[in-house]
Amino acid sequence: MEEYFLCPECGSEEVEVIKERGREVTLRCLDCGYVWQITLPKAVKVPLIVSEHEKSFKTYAELPLGEEIRVGDIVEVEEGEVRITGIELEGQKRVERAKIDEVKTLWGENLSFPAVFGVSIYLKNGVTQSFKVKVDREEEFATGEVLDVGGYTFKVEKIKTKSKMINRGKAKADEITRLMGHAIRGRASRKLEIYKGHKRD
Ligand SMILES: [Zn+2]
C-alpha cells in the first residue's frame with residue numbers, strides 16, 4: 001500500500017509535491033521538470049487495533065476507498081508501520097482480503113516493536129526451562145547455534161516459526177515463535193535479552 005509517483009513523461013521516481021489542495025496534488029519531476037496534477041482517491045478512516053506483543057491499542061488507518069486490503073499488507077499510521085494480521089467485516093466475519101469500503105475493523109502488529117518469542121531449554125534432569133526473549137525483527141537464528149539465555153547456554157536444535165518447524169536451517173526473528181534445544185557446556189555466540197513485559201522505549 002505504499003504510495004509513490006512516477007513521472008508520466010520520463011518514468012522517473014524522483015518526484016516532488018509542489019502544491020497540495022485537499023486531494024488535488026501538483027507534482028514536479030526532478031529529472032525532466034515535467035509538472036502535472038493528480039487527484040488522490042478518497043480516503044476513509046478504518047479502526048485499527050495494533051498489538052505490541054501482549055498489549056494493544058486502538059488507532060485509525062487512513063486508506064483509499066475502492067482499493068483492497070489483505071492480511072500481510074503494511075499500513076502506515078501515526079505510531080509507525082503496522083502489518084495487518086486480521087480483517088473483520090460487518091457481522092464479525094473474518095476474511096483474508098476485502099475491499100476497504102467493507103472493512104469494519106483491522107488488526108495489526110506494530111513492526112517497530114521488537115519480536116518476542118519463546119525459548120525452551122532442556123536441562124539434564126529432565127526439566128525444561130522456558131523464557132521469553134525480545135529480539136530485533138531482522139535478526140536471524142540458525143540450528144546448531146549456541147546461545148545464552150538467562151544464564152543457560154544451549155544449542156538451538158529446532159526453530160518453530162509461524163508456519164513450520166525447522167530441524168535444520170535458519171529463520172528471521174520476525175517469523176520465529178520458539179527456539180528449542182538442550183543445555184550444553186560451551187561458549188555462546190550470542191546472549192539474548194529476556195522479555196520482561198510490555199514497555200515503550
Ligand atoms: Zn520526468
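Predicted model: local features only at pLDDT ≥ 70, side-chain atom pairs only at ≥ 80, totals over all residues.
**Entry 1: overall make-up.** I started with the secondary structure and found 21 strands and zero helices in the protein. I then looked up the radius of gyration, which is 23 Å, while the globule rule gives 17 Å for 201 residues, so the protein is more spread out than a compact globule. The C-alpha trace spans about 70 × 45 × 30 Å along its principal axes.

**Entry 2: burial and contacts.** I checked burial next: 18% of the 201 residues count as buried. Among contacts with a separation of 6 or more, 48% are between residues 24 or more positions apart.

**Entry 3: the open sheet.** I traced an open sheet of eight strands with mixed pairing, in the order β16-β15-β21-β13-β12-β20-β17-β18.

**Entry 4: pairs around β20.** I followed β20 (residues 176-182) to strand β12 (residues 115-122), and the two pair in the parallel sense over five bridges. Here Tyr 122 stands opposite His 182 of β20. Strand β17 (residues 158-161) also pairs with β20, in the antiparallel sense over four bridges. In that pair, Thr 161 is opposite Ile 176 of β20.

**Entry 5: β15 and β21.** Last, I looked at strand β15 (residues 146-149), which runs parallel to strand β21 (residues 190-194) and is joined to β21 by three bridges. For Asp 148, I noted Lys 191 as the bridge partner in β21.

Conventions: Residues numbered from 1 in each chain as written. Pairing = 2+ DSSP bridges. Rg over C-alpha atoms; globule rule 2.2 N^0.38 Å. Buried ≥ 20, exposed ≤ 12 C-beta atoms within 10 Å, placed from the backbone. Contact = placed C-beta atoms within 7 Å.
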